[in-house]
Amino acid sequence: MDGNKKTPIFPTRESAKAWVSYTVSREKMEQLQCHVKQYAWGKYGEESEVARLFADGHDNFQIDNNTPYAELWMGTHPDGPAQLKKCSTRLSTYLAKHPSLLTNNNSAKNIHLPFIMKVMSIRTTLSLQVHPTKEQARRLHELDPINYPDRNHKPELAYALTRFELLCGFRPAREILKNLQTFPSFRLLFGGDTYAKPLEDSILEEKKMGVVNQESRKCLENCFRFMMDPDRSDVHNLVSKLLLELDNGLRGAIEEGTVEVIRKMSVDFPNDIGIFSPLFLNHMILEPGQCCYYAAEELHAYLSGECVECVGCSNNTIRAAMTPKYIDRDALCSVLNYKMTEQKDYLVPEMKLTPCVDMYAPDCKDFQLHRIRVGTDHTSKEMLMPTLDCASILVVVSGKGTIEEATQENQLIGKYEVKRGDIFYIPPKHNIRFLDCSEALEGYRTFSYEMGPDHDTRLVTPVSKNTINEKMLKLEADMEAPTTVVNKTPTAVVKV
């Protein structure tokens, strides 16, 4: 290195490996200070696991019971960047100064992880939305960098901490057909004889032939585009008819729990077209410990509960309904894949790695999730965590214990007391072992072997300082409060 201590330019991959090995051996785990998002759909005050967990891990933070605490962000994304607790340096800046084979970019000022890990506390429905693929995101960013501020995709995984409800993906064709045949209001919403009937006929033909063809998906797209017509004036009447149909006992392919979701949506989002979404989207209910994953092009909305979420390092969102934010109907209708899918296809199975670690591994390179459960009676060998060749972030959600950190040569380099609320960055190839757990400990560790996106050229827009009407916050639950929290000091949110 020269006198300015710049990372050297490597002439060969072998010299790069040697430098990375030297650098990694000097790194240690770093405790992080992270961000809380105060979106209005979050649970209030002490009711929010996000608030309680953040308070347990961040000194001097005080919970305000009149404030919604929706998401705890753990990652490098510019909208909520983690900082090293010891010096307030951004994690992305730290990574640029401590390269690995996956993040080596000698000219970058910031290196981003390919994922964001979150904890979410949901009081009321989020917007109905979809995320683009990488190719779609690049195209959207070029056309509209204000509403699509980066070029990355945003696959998502949700692990239920409590009973967790969401809408995810179009229902199986037989269920959509049954609902079209049961609810006249829904059939009219989908275009009646002009658009809904061809969909019905196509599904019946598929059932008769015993095969799935592309015709039904094209017919579903036609129905969806008709539904999303911004000039239609019948939504108010159709919503009233739907609620009356439900009151009269019509159920079709939906269960009582879904009926309650529709009724709640009609209160939270009066006369919104999204009130019909449970009739054509899967209503999934995850019990604690269950996990689901959906990639780009899948329409979805979280309804209630608390979860650990892993997402790609992006904030690109195309919204459809139940939001005061920008709705890009053309992009929305073009991005959706219109697959009609069974609920079970979205579930991610649990894989036992060790007595203390279970893995949730979706078909996605941007993130994998480890659930860590260490009891007070586990042996030292059982408490050794899998060694990863990539960077990771760990959050402790319950318990107390000690972590022992060693290099890949098993040289002990650190020992840390850990408790609920603590969040750590773990460098690649480090051996991590839990010791002396005085209380049974549970944590979640997210990692990826992919390179993260470049956000240094990302376009950002200053925050509007207009006062947000409290009634709007309550009714239009996807609205964001104008502050984000890092420890005690509020800072301006960058809205993009």
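How many aromatic pairs does a search of the whole structure find? Here are some notes on that and on the packing around it.

1. The search turns up 19 aromatic pairs, and please keep in mind that this is a predicted model. One of the pairs joins Y39 and W41: the ring centres are 5.6 Å apart and the planes meet at 35°, so this pair is tilted. Y39 is buried, at 9% relative accessibility, and W41 is buried too, at 2%.

2. Y195 and F226 make another tilted pair, with centres 5.3 Å apart and planes at 35°. Y195 belongs to helix α7 (residues 192-209) and F226 to helix α8 (residues 214-227), so the pair ties together parts 31 residues apart in sequence. Y195 is partly exposed, with a relative accessible area of 32%, and F226 is partly exposed at 29%.

3. Ring pairs also link F170, F186, F190, F224, F280 and Y338 into a cluster. In the largest nonpolar core, which has 53 residues, the members touching the most others are F170, F190, F224, F280 and L299. Beyond its neighbours within four places in sequence, F280 contacts residues including G169, R171, I176 and M227. Another core, of 41 residues, lies apart from that one and has V50, L95, F367 and V397 among its members.

4. Two lysines are worth a look. The charged end of K37 sits over the ring of W73, 4.8 Å from its centre. K325 has its charged end over the ring of Y39, 5.9 Å from the centre.

5. Finally, T67 sits in the loop between α2 (49-57) and β4 (68-69). T67 is buried, with 14% relative accessible area. Its contacts, leaving aside neighbours within four places in sequence, are Q38, K43, Y44 and G45.

Conventions: Residues numbered from 1 in each chain as written. Predicted model: local features only at pLDDT ≥ 70, side-chain atom pairs only at ≥ 80, totals over all residues. Heavy atoms only, no water. Core = buried A, V, L, I, M, F, W, Y, C linked by side-chain atoms within 4.5 Å. Buried < 20%, exposed > 50% of the residue type's maximum accessible area, 1.4 Å probe, protein only. Contact = heavy atoms within 4.5 Å. Helix = DSSP H or I, 4+ residues; strand = E, 2+ residues; numbered from the N terminus. Phe/Tyr/Trp six-rings, centres within 6.5 Å; stacked < 30°, edge-to-face > 60°. Lys NZ or Arg CZ within 6 Å of the ring centre and 35° of its normal.
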